[in-house]
Amino acid sequence: MDSQPPSIELAPELEFPAEEREKGFWKKLKRGLRMTHTEMIEKISAAVEGRKTVDEETLEFLEEILISSDIGVEAALELVDTLRRDTRPQEAVDVLKLRERLVDEVALMLLDAPRPVVAGDGPTVTLVVGVNGVGKTTSIAKLAFRERERGAKVLLAAADTFRAAAIEQLQKWGGRLGVDVVAQGQGADPAAVVFDAIQAARARGSNRIFVDTAGRLHNKDNLMNELAKIDRVIEREAAGWQRRTLLVLDATTGQNALSQAQGFADVARVDAVLLAKLDGTAKGGMAVAVARELRLPVLYLGVGEGMEDLVEFHPREFASALLG
Ligand SMILES: Nc1nc2c(ncn2[C@@H]2O[C@H](COP(=O)(O)OP(=O)(O)OP(=O)(O)O)[C@@H](O)[C@H]2O)c(=O)[nH]1
Ligand SMILES: [Mg+2]
């Protein structure tokens with residue numbers, strides 16, 4: 001349909017905002033991706049070392065390196081194909097140029113997934129979903145901190161009523177952050193908690209509502225029913241408000257996280273992904289796999305356990321933190 005070659009110019013809303021730069025965006029992102037970055041750069045250098053031209057063997061090495069970064073087999077093959085097409089026989093190896101090319105191509109892949117934009121200050125309900133232990137509750141605290149810093153009035157809904165400890169965990173974060181938490185007792189109907197939260201948000205003028213949900217649901221039907229019920233409440237009680245479902249994935253779990261995401265996408269509408277635990281041993285290539293294989297945009301990265309350990313995802317900057 002569109003025969004125009006894709007441009008790597010970024011849309012205005014994807015430009016790297018100066019305020020993020022000031023808040024140590026790079027530092028956090030680089031720290032989070034340090035392991036992957038160092039490993040990739042070292043391996044790429046080793047792959048081309050002592051070679052005069054980018055020959056087929058070098059390309060195969062590069063392919064393996066890319067696959068080992070959790071970028072996904074399909075994406076790795078595509079990147080190497082691009083390099084192959086670009087390389088003239090007898091052309092001398094230029095590692096920096098090679099890496100620059102990879103950064104450009106990875107950025108393009110990341111820009112491929114549609115990005116939902118939450119616009120303006122109108123009330124927004126963000127349903128945070130994901131399997132247990134991936135980092136949902138902690139990510140909500142980070143998002144709440146971030147929004148509060150930007151002047152929003154935040155309200156948290158403790159709709160993970162499966163365990164009392166889950167409710168307490170959210171309440172503790174609420175206390176630390178100084179933001180309201182709407183909760184009922186353990187075992188309460190999550191949709192009823194969301195109902196209460198919406199009424200409270202109206203009464204208190206809150207414009208950012210984050211809903212914590214249970215990771216432990218024994219089967220898909222159960223999960224589907226629960227999320228559908230919450231959806232109906234939001235639709236009925238918060239008509240006209242913006243709404244999005246953010247799926248949290250644990251970046252350290254690679255392929256497993258991708259299958260989980262597929263599972264969620266099968267039972268619920270998922271709008272975007274927050275990739276948690278990208279610090280430590282996680283492979284940064286996961287973000288590409290999410291965009292490529294799930295066609296979901298990554299909006300945020302979790303890079304630690306503290307409330308400040310969240311960075312907004314910018315495709316181009318991410319690609320360069322990974323390979324540049
Ligand atoms: N290193 C690191 N740890 C994280 C990150 N996000 C969350 N965690 C840790 O992961 C563990 C689980 O986080 P939770 O936020 O409780 O996860 P959850 O998905 O809400 O878990 P359940 O409610 O039990 O399903 C905690 O020890 C968090 O501190 C991250 O970005 N980096
Ligand atoms: Mg939780």
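Trainee: Is strand E7 (residues 298-302) largely enclosed or exposed, and why?
Mentor: Four of its five residues are buried, so E7 is largely enclosed by the rest of the structure. Buried means that 20 or more other C-beta atoms, placed from the backbone, lie within 10 Å of a residue's own; exposed means 12 or fewer. Strands (E, at least two residues) and helices (H or I, at least four) are DSSP runs numbered from the N terminus. This is a predicted model: local features need pLDDT of at least 70, side-chain atom pairs count only at pLDDT 80 or more, and totals for chains, interfaces and linings use all residues. Residues are numbered from 1 along each chain as its sequence is written, while chains are lettered from A and ligands numbered from 1 in the order in which they are written.

Trainee: In which sense do E6 and E7 pair?
Mentor: Strand E6 (residues 272-276) pairs with E7 in the parallel sense over three bridges; pairing requires at least two DSSP bridges. Leucine 275 stands opposite leucine 301 in E7.

Trainee: And E8?
Mentor: Strand E8 (residues 310-312) pairs with E7 in the antiparallel sense, over three bridges. Leucine 310 in E8 is the bridge partner of glycine 302.

Trainee: Changing topic, which residues of H3 are buried?
Mentor: In helix H3, they are Thr58, Leu62, Ile65 and Leu66. The face turned away from the buried side of H3 carries the exposed residues Glu56, Glu57, Glu60 and Glu64.

Trainee: Which residues come nearest to ligand 1?
Mentor: Of the 20 residues around ligand 1 (C-beta atom, placed from the backbone, within 6 Å), Asn132, Gly135, Thr138, Gly215 and Gly302 come nearest.
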